Amino acid sequence: MAAAPLRPCGVPGRLLPLLRGGARSRGASPWAAGPGRAEQRRYKKDVLPEPGGAAAPAVSVTEIRRYLRAQGIPFQDGYSCLHAPSLFGPEPPQAAGPPFALFIDKTTGGFLCTATLAEGGWQDLQAAVELRHRGIPVPGPEEGEHEEEEAEARTAREDARRIWERALPLGELLDEEETRATKAAFGIAPLNDGTLKRFGVRYLRAAKALVFPWFAPRHAALRGLKLLVAERRGDAVSYTEETFPRFDAYRNLFGLPLIGRRDTEVVLTGRELDALALHQATGVPCLALPRGATILPPALLPYLEQFRRVTLWLGDDLRSWEAAKLFARKLNPKRCSLVRPGDLQPRPLEALNQGLNLTKILRAALPAGHKAIVSFRQLREEVFGELANSEQVAGVKWARFPELNKLLKGHRRGELTVFTGPTGSGKTTFISEYALDLCTQGVCTLWGSFEINNIRLAKIMLTQFATRRLEDQLELYDEWADRFEDLPLYFMTFHGQQNIKLAAQDFIVGAFRKFATDNTCHITLVIHPRKEDDEKELQTASIFGSAKASQEADNVLILQDRKLTTGPGKRYLQVSKNRFDGDVGVFPLEFNKASLTFSSYGKNKAKLKKVKEEKAPSPKKGPSGGVGGSSKP
């Protein structure tokens, strides 16, 4: 039996109608609103950004240590955090909880107090220290929680409580056959009732969903839930999940209340079911990340500080493997080991179903090792993995641009893409759909634009996401906005014209190249072309400052715009550099003004124009730059 990857619920809150007995007169959930909702919208003042607000300055671990010493605050050096006494709450630090309950992130300066659950940035911590020195008690988060807590968050917690009360442990279902059928549907037949009960897993009949609780670490109160629905497709099981509160607020390690203070070893998994399978088979402490292998929130790092050994077994594909290596760098590679995906090392639940020895797999985990020195012996299995999984190595495929997959093969981590096109050709509109396509498939995306503000950019992307003009259907806005809000999409706050000299641009391009490599992320730079004749097609040499930009880039994309005097112009995308396998070529684009899309999404797909190297087009058949051409260096 195989299992498909987790995917977020297509419609947020789609399970809620099955869980409620009727509408509430007060505090109704935002997911339950009906027609006319556009007139009932309320805007929250505290979430609007301050005009001209400056970003918090960066801080180094050296500065953090120096500041703590100057303030007379004792601290200990941890794996990824500095440990200090708590500063929060009305009582002195000694009475606020464990001696060192305050954890300060070495990279960001952000902090979390595990005694009071207070958290914030470096500047917030400095303000708390000043209050403490002046003899003013620093309030914990719960003292002002009810006044500042969002209405939607309270509603989500209430929904979670009601769902939890209606759900039952699998062992308490009236019909034993129903229990057996439910376990078979989720692919968890080997999991016994004792394991499910130990982790607090329940079953909700109305939604046919497993319920995983999120307990507060300090007092074990229920703070949220994750619901998991299974759909069997042949021998494979596909999972759909939904959380209360929403994903952006769901930051908890499943299984954390079961961790003892003396535990020094833990296994991190990408799914709750994998944590259950691992613990049952091996008995080692196991935790599941809240968002799978997508992200490891910095706020969770303090809860992993007590472990001398952390093994990451996130999934069974190369994306999970790359994420595991990245997380190991966050957690300190010296204490981390990684389980490499393979046929004999699938994800934990699959391994349990196949009767494999999970303890043996854990013992064979590879040390993260020193990041600067490797031997082929360490690379040997990874090389084999790339050869055996060529499709996954090629990267994430575009759903809206299948023609781009035939040329670039996919979107890969650690690469730098340079994108250019004539002024007014639609570069921003195209690249936003290009990024949105990947973002909807779980690729974390950070946008930064000097030329368009975030509100305008978000409006464009939301229109492309909905593939319709929401101005004419405002009653649908919240439904699409809820879906859009769940995407792993973020925006930088800088905006405005910047004067950059050529030497500075070369430095910036080099810095981006290094950042992409060091952090195994993909960076796409939009660079304007040089001022040239509008009648000529753009080439790689047309990129402003092209010597450095085109040299460092792994991929070069050009949005060509042929303006015709007899009618509308024609646009097409040209791949003029592809370091992965050398394929280059072009394909036409058709702009849909209503949905602001260039893709063939929902329409007949355009055909890729691509010819072999020995059949290069003549100048009469295509413009300069090799339209319709394909070559490999």
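1. Let me start with Glu158, which counts as partly exposed at 25% relative accessibility (buried means under 20% relative accessible area, exposed over 50%, and partly exposed in between, with a 1.4 Å probe and protein chains only). Please keep in mind that this is a predicted model, in which local features need pLDDT of at least 70 and side-chain atom pairs count only at pLDDT 80 or more, while totals for chains, interfaces and linings use all residues. Residues are numbered from 1 along each chain as its sequence is written, and side-chain values use heavy atoms, with hydrogens and water left out.

2. Glu158 has two salt-bridge partners worth a look. With Arg161, the closest N and O atoms are 2.5 Å apart; with Arg162, the N to O distance is 3.1 Å. A salt bridge here is a side-chain nitrogen of Lys or Arg within 4 Å of a carboxyl oxygen of Asp or Glu. Glu158 and Arg161 are three residues apart in helix H5 (residues 151-166), so about one helical turn separates them. Glu158 and Arg162 are four residues apart in H5, and again about one helical turn lies between them. Helices (H or I, at least four residues) and strands (E, at least two) are DSSP runs, numbered from the N terminus. Both arginines are partly exposed, Arg161 at 36% relative accessibility and Arg162 at 35%.

3. Glu433 is buried, with a relative accessible area of 0%, and Arg400 counts as buried at 6%. Back in the other group, salt bridges that share partners join Glu158, Arg161, Arg162 and Glu165 into one network. The structure holds 27 salt bridges.

4. Helix H2 (residues 61-70) has buried residues Ile64, Tyr67 and Leu68. They cover an arc of only 95° around the axis, which places them on the same side of H2; the arc is that of the directions from the helix axis to the C-beta atoms. These buried residues pack against strand S4 (81-84), strand S5 (102-105) and helix H3 (122-133), where contact means heavy atoms within 4.5 Å. The face of H2 turned away from the buried side carries the exposed residues Arg66, Arg69 and Ala70. After H2 comes Gly72, with a positive phi near 70°.

5. Next, an open sheet of five strands, in the order S13-S12-S14-S15-S16 and with mixed pairing. Strand S13 (286-288) and strand S16 (366-367) stand at the edges with a single partner strand each, so one side of each has no neighbour in the sheet. Strand S12 (residues 265-269) and S13 pair in the parallel sense over three bridges (two strands pair if DSSP finds at least two bridges between them). Thr269 has Ala288 of S13 as its bridge partner.

6. Which residues of strand S17 point one way, and which the other? Leu416, Val418 and Thr420 point one way, Thr417 and Phe419 the other, and all are buried. In a regular strand the side chains alternate between the two faces of the sheet. Five of the five residues of S17 (residues 416-420) are buried, so the strand is largely enclosed by the rest of the structure.

7. S17 pairs with strand S20 (residues 523-526) in the parallel sense over four bridges, and Leu416 has Ile523 of S20 as its bridge partner. S17 also pairs with strand S21 (residues 555-562), again parallel and over four bridges; here the bridge partner of Thr417 is Asn555.

8. Finally, the surface: Leu446, Phe450, Tyr490, Met492 and Phe494 make a nonpolar patch of about 470 Å². Patches are made of residues with over 30% relative accessible area and no salt bridge, joining like charges within 9 Å and nonpolar side chains (Val, Leu, Ile, Met, Phe, Trp, Tyr) within 5 Å. Accessible areas come from the Shrake-Rupley method with a 1.4 Å probe, and for residues only the protein chains shown count as cover. Phe494 lies in the loop between strand S19 (489-491) and helix H18 (502-518) and is partly exposed, with a relative accessible area of 35%.
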